[in-house]
2 protein chains.
Amino acid sequence: MARIVMKFGGTSMAGIERIRGVAARVKAEVERGNEVAVVVSAMAGETDRLVGFCREAAPLADPCEYDVVVASGEQVTAGLLAIALQSLGLKARSWLGWQLPVHTSAAHGSARIEDIDTVAALAAMAGGMVVVMPGFQGVDAAGRITTLGRGGSDTSAVALAAALKADRCDIYTDVDGVYTTDPRIVPRARKLDRITYEEMLELASVGAKVLQTRSVELAMKEKVRVQVLSSFSDVPGTMVVDEDEIVEQELIAGVAYNRNEAKVTVIGVPDRPGVVAAIFGPLAEANVNVDMIVQNIAHTTRKTDVTFTVPRTELVLSLDVLARIRGDIGYEEVLSDDAVAKISVVGVGMRSHAGVAVTMFKALADRGINIQAITTSEIKVSVLIAEEYTELAVRVLHTAYGLDAAA
Amino acid sequence: MARIVMKFGGTSMAGIERIRGVAARVKAEVERGNEVAVVVSAMAGETDRLVGFCREAAPLADPCEYDVVVASGEQVTAGLLAIALQSLGLKARSWLGWQLPVHTSAAHGSARIEDIDTVAALAAMAGGMVVVMPGFQGVDAAGRITTLGRGGSDTSAVALAAALKADRCDIYTDVDGVYTTDPRIVPRARKLDRITYEEMLELASVGAKVLQTRSVELAMKEKVRVQVLSSFSDVPGTMVVDEDEIVEQELIAGVAYNRNEAKVTVIGVPDRPGVVAAIFGPLAEANVNVDMIVQNIAHTTRKTDVTFTVPRTELVLSLDVLARIRGDIGYEEVLSDDAVAKISVVGVGMRSHAGVAVTMFKALADRGINIQAITTSEIKVSVLIAEEYTELAVRVLHTAYGLDAAA
């Protein structure tokens, strides 16, 4: 007998027919002799509808009341799943965030789970009952409803699994696992049986959004074994586990890409101490999320060029900020390009192997793909290239690192 | 300074534009120096949508989980109204049923309010804050969400007004008050300035559904002054008050009609003790709501005819029950007619005036309208007629009792 938390996303909960399908999956798990708790998202589209109401009512809605409104989406699916489970002959009931309770910080709209009271849930599960909990929501110390921020249901599931000391946390989604890269670009992409928490985090940060980043961080901290699998098929998924659990570590786990960045180059910046801070300080104050930063070597001109990337949606804002501070900085010119893509290779194997980055640069160079910027972390190398080369670069790297499935 | 509960129905809450309109009305009341609590319904159509989900998930959904699902509609509008009020510069917050809390019985789906804890609400109102409470919902002793049954938000509002000892409970709806009869039938129908609780109850029971019956019963019991008025105009509404408050009592408050009944006549019933119980017992067991009952005088044949009315939707069921018990009763024949209408005149003045019923019978006879059955209560006379005469009968009676507005 195992204790399992199952989490179903919005696509899996979109309408009663699908909720019935979820109930059937839960029933199968119960019939294997397992204790089961289920965490559910709102129906696909519902949270957007509710957020839309709040924004329409006031662009800066009171976060406490915003949470009252948007938490209702998961309340509805939790009740409906309990009904669907009962109609399959299972014992089931819903516990809302304030009922269990799921204690969170008071940061409404982006609260952090502090503690989940598991007394009621453990007693119910021991009695053969399926516990259904709405994801994304909790209650603060003042007794008001909180929400965890978009995508928070993954985090709810991992937190519940940790609190229940569950053997596994199965995250059901609309893909059947984590792939070495996007199968729409590389048909020979392989589904990974296992991936480490660290790799999953880096992949999420560069655009391969299967799990919400916070949920992976929490799983890593609490050592929760997470499985990503599909609601719509019966094949095994990908286990996200500790590095120790992976005996035969591949050099590279995957190749990711991100087309949501734009490049900004500030030309002719006076090369004096503090000038970089004078650029990035005002951008940070304007809440621009600067990603890659490259500062070219200063020439004898005592001038330097600074290149960085920002989310495309923040490009106009960034250029406004730069125009405003031109007098303070004294730069010559700003160039920008929103037709760029960031390509990353991720793998914990990098730690013990030299030459991983060189393989990347060489493979790209062989195809005439120019690298505009480079950043690295301990287990990731990212390069910025012209957007039109995205698919080619991903395919070339997938092959170069030996990730292609056998034909 | 007065303490006022304002209640807004689903039509008034249907969409953000209308919620903004509600917020403006609340603001006006606050600016008059009043303490205000607001009770809201779900957006029009939302409760039907949520009930539909539950029914689709299981025709007999667990009432506890049903309540979790359907209570969310009012949760959403409570949060949105608080946001809209804040954006007008008012202090406001929502208290959900479990937060205030609104203690109810555990009869999920049709719970009764037992007690409303007003400590938080009174403190907030004393501090100039508008209290927003979702109607229709509460929490039982086990800490689970309950709902009061359809239309329960009127009852929530009256109960809150009673608990807060409010000076007035204003029920905003899509009509601007209670009329002497349906203005679609009688253009010269008059809006009543005042009506007694008893009259309101009788009018509701015969089809003039402005307020939910339970809410009027509660208002009568708790002596809550209720005003019915429109969300969409600025004219004064109708006050529902105690009989003592109406100095110059009219003989008749209004003329109501109900086309949702069907007539059943059981012919040739043996005239022996207990035979009537033998007919109506099985109907009651089948949950048929029998309304009017007329038993004709037995002739020398030792046989009698029994006529009664049932809701049209229950006619087929009623005929099934009668067919099943034919052997036991030994009647000759059953006739039914679903083209009937019940016309009622209601007024507390009837208590002290003879001849009210005679005026009715005579006015109908003058137009050749045949009366098929008659029932009376202390303040109501109802007759059953052929449905095709409905409008004519209502107009004739409206004139006969002197209710027509001056031309």
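Guide: Let us begin with contact: two residues are in contact if their C-beta atoms, placed from the backbone, lie within 7 Å. The model before you is predicted. By that rule, the contact takes 29 residues from chain B and 29 residues from chain A.

Visitor: Which elements give two or more residues to the side of chain B that touches chain A?

Guide: They are helix 1 (16-31), helix 2 (46-57), helix 3 (63-70), helix 4 (72-87) and strand 3 of chain B. Helix 4 of chain B supplies the largest share, eleven residues. By kind, the residues on this side of chain B divide into 17 nonpolar, eight polar and four charged.

Visitor: What makes the relation between chain B and chain A that of a two-fold axis?

Guide: A rotation of 179 degrees, with 0.0 Å of shift along its axis, superposes chain B on chain A with an RMSD of 0.3 Å. That is the relation of a two-fold axis. In chain B, the C-alpha nearest the axis belongs to S72(B), 2.6 Å from it.

Visitor: How do you know that the copies meet through the same surface?

Guide: Of the interface residues of chain B, 97% are also interface residues in chain A, so the copies meet through the same surface.

Visitor: Why is strand 6 of chain B called largely enclosed by the rest of the structure?

Guide: A residue is buried if 20 or more other C-beta atoms lie within 10 Å of its own. Six of the six residues of strand 6 (residues 129-134) of chain B are buried, and therefore the strand is largely enclosed by the rest of the structure. M129(B), V131(B) and M133(B) point one way, while V130(B), V132(B) and P134(B) point the other way.

Visitor: What makes strand 2 of chain B and strand 6 of chain B a pair?

Guide: Two strands pair if at least two bridges are found between them. Strand 2 (residues 35-40) and strand 6 of chain B have four bridges and pair in the parallel sense; V39(B) has M133(B) as its bridge partner. Strand 3 of chain B also runs parallel to strand 6 of chain B, joined to it by four bridges, and there R93(B) is partnered with V131(B).

Visitor: Which residues does V38(B) touch, residues up to four places away in sequence not counted?

Guide: V38(B) touches M6(B), F8(B), V26(B), L81(B), V130(B) and V132(B). V38(B) is also one of the residues that touch the most other members of the largest nonpolar core, which has 258 residues.

Visitor: Why is F136(A) called buried, and why is N287(A) called exposed?

Guide: The cut-offs are 20 or more neighbours for buried and 12 or fewer for exposed. F136(A) has 28 C-beta neighbours inside 10 Å and therefore counts as buried. N287(A) has 8 other C-beta atoms within 10 Å, and so N287(A) is exposed.

Visitor: Which residues does a cis peptide bond join in chain A?

Guide: The bond joins L100(A) and P101(A), with omega about -15 degrees. In chain B, a cis peptide bond joins L100(B) and P101(B), with omega about -10 degrees.

Methods: Residues are numbered from 1 along each chain as its sequence is written. Chains are lettered from A and ligands numbered from 1 in the order in which they are written. This is a predicted model: local features need pLDDT of at least 70, side-chain atom pairs count only at pLDDT 80 or more; totals for chains, interfaces and linings use all residues. A nonpolar core is a set of buried Ala, Val, Leu, Ile, Met, Phe, Trp, Tyr and Cys residues joined through C-beta atoms within 7 Å. Ala, Val, Leu, Ile, Met, Phe, Trp, Tyr, Cys and Pro count as nonpolar, Asp, Glu, Lys and Arg as charged, and the others, Gly among them, as polar. Copies are superposed by least squares on the C-alpha atoms of residues with pLDDT of at least 70 in both.
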